[in-house]
Amino acid sequence: LRAGREQASRLGYIRCGAHREPVDIRFDGRPAEQHASQGQLKLAFIAWRMAEAAVFTELGGEKPTLVLDDPFSELDRGRAMSLLSVFDSWGQTFLATARDDDLPLQGDRFARIEVRGGHAERVG
């Protein structure tokens, strides 16, 4: 990543790193993409990212900020609530989600920001 920093700055995106490497997730020895539901795939990839974050925490001594785009899609309410408790216990987490009607994403634990017409406004 250090070697590609100048190129990334020039291009505006990173061309190398763990996020660009192929991942082979398997369930009972079978490729997940062929045998898992969309919800199972979502949870498997989030678990992989959380494991990475745990390694970074161990190596760096502090927890990285989690940034997740629509982590609750494809999940039923029960699984979404379980995942929400994992994020809540992690620390600083940014969630972008269109789903807030059945999840407790307001109150003391979360700041709610809506983006409309290109403007962000805190609403909760």
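Me: Where is Asp28 found, in terms of β1 and β2?
Reply: Asp28 is found in the loop between β1 (26–27) and β2 (30–31), where strands (E, at least two residues) and helices (H or I, at least four) are DSSP runs numbered from the N terminus. This is a predicted model, in which local features need pLDDT of at least 70 and side-chain atom pairs count only at pLDDT 80 or more, while totals for chains, interfaces and linings use all residues. Residues are numbered from 1 along each chain as its sequence is written, and side-chain values use heavy atoms, with hydrogens and water left out.

Me: And what is phi of Asp28 near?
Reply: Phi of Asp28 is near 50 degrees, which is a positive value in a residue other than glycine.

Me: Is Asp28 buried or exposed?
Reply: Asp28 counts as exposed because its relative accessibility is 77%; exposed means over 50% relative accessible area, buried under 20%, and partly exposed in between, with a 1.4 Å probe and protein chains only.

Me: What about Glu74, where is that one found?
Reply: Glu74 is found in the loop between β3 and α4, and its phi, near 75 degrees, is again a positive value in a residue other than glycine. With a relative accessible area of 54%, Glu74 is exposed.

Me: Which residues does Lys63 contact, beyond its sequence neighbours?
Reply: Leaving aside neighbours within four places in sequence, Lys63 is in contact with Thr57, Ser89 and Trp90. Lys63 itself lies in the loop between α3 and β3, and it counts as partly exposed because its relative accessibility is 46%.

Me: What does the side chain of Lys63 reach on Trp90?
Reply: The side chain of Lys63 reaches the backbone oxygen of Trp90 at 2.9 Å, and the C-alpha atoms of Lys63 and Trp90, 27 residues apart along the chain, are separated by 7.9 Å.

Me: Which residues does Glu62 touch?
Reply: Not counting residues up to four places away in sequence, Glu62 touches Phe56 and Thr57. Glu62 is found in the loop between α3 (38–60) and β3, and it is exposed, with a relative accessible area of 61%.

Me: Last one, where is Glu114 found?
Reply: Glu114 is found in strand β5 (residues 113–116). Not counting residues up to four places away in sequence, Glu114 touches His119, Ala120, Glu121 and Val123.

Notes. Contact = heavy atoms within 4.5 Å. Polar contact = N/O pair within 3.5 Å; in protein donor to acceptor, adjacent residues only side chain to side chain.
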